Amino acid sequence: MPGMPNGKPAGKPCIQLLSDFSCAIFGDPSRPQVCEKFMPEEDICGKNKEEATTILAFLEDYTCTTNTKSP
Ligand code: SF4
């Protein structure tokens, strides 16, 4: 990830995320393939920003390697 050489820690916003929630490196070859290839899905994105934020917070917590909670 440009600007985050060790990856994006769970719970931290991407350094490339702008205040209007757009991507600072959209269309740039340095944009990670995972971002380039991601296709929006309602299961992940929800129906609105609030649902997306809730789902993403759950997934980040669930997949955090330093998470000590059981699933
Ligand atoms: S699309 Fe990728 S690089 Fe751009 S802000 Fe989102 S996570 Fe960061």
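Y62 lies in helix 3 of this predicted model. Count the C-beta atoms around Y62: there are 11 others within 10 Å. A residue counts as exposed at 12 or fewer, so Y62 is exposed. Between Y62 and A10 lie 52 residues of sequence separation, and their C-alpha atoms are 9.6 Å apart.

Now take helix 3 as a whole. It runs over residues 49-63, which makes 15 residues. How far apart are its end C-alpha atoms? They are 21 Å apart. Helix 3 is hardly covered. Of its 15 residues, the number that are buried is zero. On helices in general, an α-helix has 3.6 residues a turn, so residues three or four places apart point the same way.

Step back to the protein chain. Its secondary structure amounts to three helices and zero strands. Read from the N terminus, the order of elements is α-α-α. The C-alpha trace spans about 40 × 30 × 25 Å along its principal axes. How much of the protein chain is buried? Buried residues account for 1% of its 71 residues.

Confidence comes next. The protein chain has a mean pLDDT of 89. A pLDDT of 70 or more is reached by 93% of its residues. Among the elements, helix 1 has the highest mean pLDDT, at 94. Helix 3 has the lowest, at 90. Where pLDDT is low, the predicted coordinates should not be read in detail.

Turn to the ligand. Which residues surround it? They are C14, Q16, L17, C23, I25, R31, P32 and C35. By type, this shell holds six nonpolar residues, one polar and one charged.

Is C14 buried, exposed or partly exposed? It has 16 other C-beta atoms within 10 Å, so C14 is partly exposed. Beyond its neighbours within four places in sequence, C14 is in contact with M1 and K8.

One is F21. What is its backbone phi? F21 has a positive phi of about 70°, although it is not a glycine. F21 is exposed, because 9 other C-beta atoms lie within 10 Å.

The other is P29. P29 has 6 C-beta neighbours inside 10 Å, so it too counts as exposed. Its C-alpha atom is separated by 16 Å from that of P5. Along the chain, P29 and P5 are 24 residues apart.

Technical notes. Residues are numbered from 1 along each chain as its sequence is written. This is a predicted model: local features need pLDDT of at least 70, side-chain atom pairs count only at pLDDT 80 or more; totals for chains, interfaces and linings use all residues. A residue is near a molecule or strand if its C-beta atom, placed from the backbone, lies within 6 Å of it. Ala, Val, Leu, Ile, Met, Phe, Trp, Tyr, Cys and Pro count as nonpolar, Asp, Glu, Lys and Arg as charged, and the others, Gly among them, as polar. Helices (H or I, at least four residues) and strands (E, at least two) are DSSP runs, numbered from the N terminus. The expected span of a helix is 1.5 Å times one less than its number of residues. A residue is buried if 20 or more other C-beta atoms lie within 10 Å of its own, exposed if 12 or fewer, and partly exposed in between; C-beta atoms are placed from the backbone. Two residues are in contact if their C-beta atoms, placed from the backbone, lie within 7 Å. pLDDT is the predictor's confidence in each residue, from 0 to 100.
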